Amino acid sequence: MTYTDGIVKPKTKRSKRFLQNREPKLTENIKNTMIMKGGNTTETVTQALKDIYALKKPNAVLYKKKNIMRPFEDSTSLEFFSKKSDCSLFLFGSHNKKRPNNLIFGRLFDYHVLDMIELGIEKFTSLKDIKMSKCPEGTKPMLVFAGEAFDIDNEHKRLKSVLLDFFRGPTVSTVRLAGLEHVLHFTALDGKIYMRSYKVLLKKSGCRTPRIELEEIGPSFDFVLRRTHLASDDLYKTAHKQPKALKPKKKKNVSHDAFGTKFGRVHMQKQNLDKLQTRKMKGLRKRRGEMAATEESTSPKKHKVDE
Amino acid sequence: MAACIEDVLAKAEKDEAERLKSISVQKELDLEFDLGNLLACDKNSVDAHGLKSTKKEDFLRSLARDNTQLIINEIWKHPTERVEEVIVVKLPEATTPLPREKPPPKPKPPTKWEQFAKLKGIQKKKKTNLVWDEVHKEWRRRWGYKRAKDNTKEWLIEVPENADPNEDQFAKRNKAKKERVAKNEFNRLKNVARAQKLPIPGQGLVPTPQQSKSDLTRAISVAKVSTASAGKFQERLPHEKAPKNTGKKRKFQPLIGNFSDERQKQLDILKVMDSKKPRIDMTKAVNRQMREEDSESRSNARKGPGKKGRRGNMSGKGKGGGGKGKGKGKGPKGKPQNQRGKAGKR
């Protein structure tokens, strides 16, 4: 049928599940990352891509072949790949004379490019170059951003957001204390961005909180900021829009004060003390005819309206 | 004795201070934490001199160490619990807003039946999955394979009294079933098309086994206007009536109802009347413009061809208007004509 164009109807239960997993959801899946290289790359760039893939591993796809594209000029093929592999983050590495050792960090919203930030590698130490015991795969890293540029400059702010989105890993409710063993430290200084990756060693300090020692494990980069493509405010806002169902419901009549004490507000109607039943006596008993007459006037709703 | 106690206390205090010293870090501005993402932001300006004086790597590591110590201190403040021999800490919700991957899901558009059921207030009734089968004396599924009261598995069917005795009742039943399935599928496709805002299949004239009179009259009237001139020159039969129910029906606003709407409408009219600017009918204006351009280019073309060359040689730019204008007029000639045709239909 011609009408079914563009509507994919799954033929098996499995493919149905697969498609359902890709549909928009209230609470979303972990963002996947595609890591790809352009037509020309150097060893540095290739190794950098591999290392970042190692950091991201369960939630990333490493494209092995060259993909000749220029994301800043035409992002259609990027969007196509994102749709193919259901990825909303990407890292693109390339190398040319004008922009040597180039990495583009970016993210997509609804399979369209939201932000792209181009970083040039000035110095790179690979994961392999440092002979140390590494962190296990899939460790959720702690992220630290240092330097006032991340708070002042608009592009740096957005870069921080992109990097946070890129490296933060899965959202978790609890974390194992002994599992906090990886730190990614970003320092913005003199227009450069230093990315360092350390392993955390928890040492005894004599009190409950341990003392921290760090050991560099790589990869480490010295970046310079190059071109940027930031989303328009409009698009950025729509991308941040949370569905109504996710927002916590407002609880009525419950409040807390500064000390955390819970207060409740109770609404009461005025009690009519004249009609209060005190003691039953035969003499006070109403007769049948009277009952019917008085019943209408005593109903509380009506009473309220009269007031 | 008292001095002894004081000594002990002082020593304990000193010890405590020393212990804290190893994990405390001094910073001008406090760090901002978002423990849901295990994120810390250090807003202090990084000491550029320190970077130059000491080795870069060492400096960066000491900075990272201090910041990590602070974030670890913050995490250790949160309540911990033991889950399967492992100490875990409960993290608060992430506070940094991050963009979503895809827009929030839209509610599924209702099917035609759902619309109708809502209108009529029909509610879904849950049917039991199993029903009692009298023939087999056991509980069986209501639907599907090995269902109760399965009329496809009967080996004998009574021929109805008024039916043709030579008709195959089994084939008839099968055919009816197939028709029902096809109809259901067709309805499903219609629902899908409606949801996707595609042209809905099965609207207008569809082939049916027996056409009713109204269907036929409609078919005739549709056929009559389906000519190049929209049925303008189509002849009529001697006593043929003009087709009914074609064209738009006038719709009136309800007499009583939304007063705010009505008020708004009146206000809009007043606004138009008050404004000094003339109202422009865009389509009309555009059409007129195109017509003028067309006629101009035509007249130019009639004058043109002999002089064109000479003029072009004489003055480059000043004359360009004539030459160019002509090109413009001729090039998209197909288009404006089309558009005019459309406007005419309306």
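1. A:Cys207, at 26%, comes out as partly exposed. Please keep in mind that this is a predicted model.

2. While we are on cysteines, how many disulfides are there over all chains? The count comes to 0.

3. Here is chain A in outline. Its secondary structure consists of 8 helices and 13 strands. The chain has 307 residues, and 41% of them count as buried. Taking the contacts between residues at least 6 apart in sequence, 66% join residues at least 24 apart. The accessible surface is about 19400 Å², with 51% of that belonging to carbon and sulfur atoms.

4. Strand β6 of chain A, residues 142-146, deserves a look on your screen. It is mostly covered, with 5 of its 5 residues buried. In a regular strand, side chains alternate between the two faces of the sheet. In β6(A), A:Met142, A:Val144 and A:Ala146 point one way, while A:Leu143 and A:Phe145 point the other way.

5. Which strands does β6(A) pair with? One is β8 of chain A (residues 182-189), in the parallel sense over 5 bridges. Another is β2 of chain B (residues 39-42), also parallel, over 4 bridges. A:Ala146 takes part in both pairings: its bridge partner in β8(A) is A:Thr187, and in β2(B) the partner is B:Asp42.

6. Now to helix α5 of chain A, which runs over residues 154-167. Its 14 residues reach 20 Å from the first C-alpha to the last, close to the 20 Å expected at 1.5 Å a residue. The helix is mostly covered, since 11 of its 14 residues are buried. After the helix comes A:Gly169, whose phi is positive, near 75 degrees.

7. Finally, a residue in chain B. Is B:Val25 buried or exposed? With a relative accessible area of 16%, B:Val25 is buried. This valine lies in the loop between α1 (2-23) and β1 (32-34) of chain B. Leaving aside neighbours within four places in sequence, B:Val25 is in contact with B:Arg65, B:Asp66, B:Gln69 and B:Leu70. B:Leu70 is 45 residues away from B:Val25 in sequence, yet the two are 7.0 Å apart in space, C-alpha to C-alpha.

Key: Residues are numbered from 1 along each chain as its sequence is written. Chains are lettered from A and ligands numbered from 1 in the order in which they are written. This is a predicted model: local features need pLDDT of at least 70, side-chain atom pairs count only at pLDDT 80 or more; totals for chains, interfaces and linings use all residues. Side-chain values use heavy atoms; hydrogens and water are left out. A disulfide is a pair of cysteine sulfur atoms within 2.5 Å. Buried means under 20% relative accessible area, exposed over 50%, partly exposed in between (1.4 Å probe, protein chains only). Helices (H or I, at least four residues) and strands (E, at least two) are DSSP runs, numbered from the N terminus. Contact means heavy atoms within 4.5 Å. Accessible areas come from the Shrake-Rupley method with a 1.4 Å probe; for residues, only the protein chains shown count as cover. The expected span of a helix is 1.5 Å times one less than its number of residues. Two strands pair if DSSP finds at least two bridges between them.
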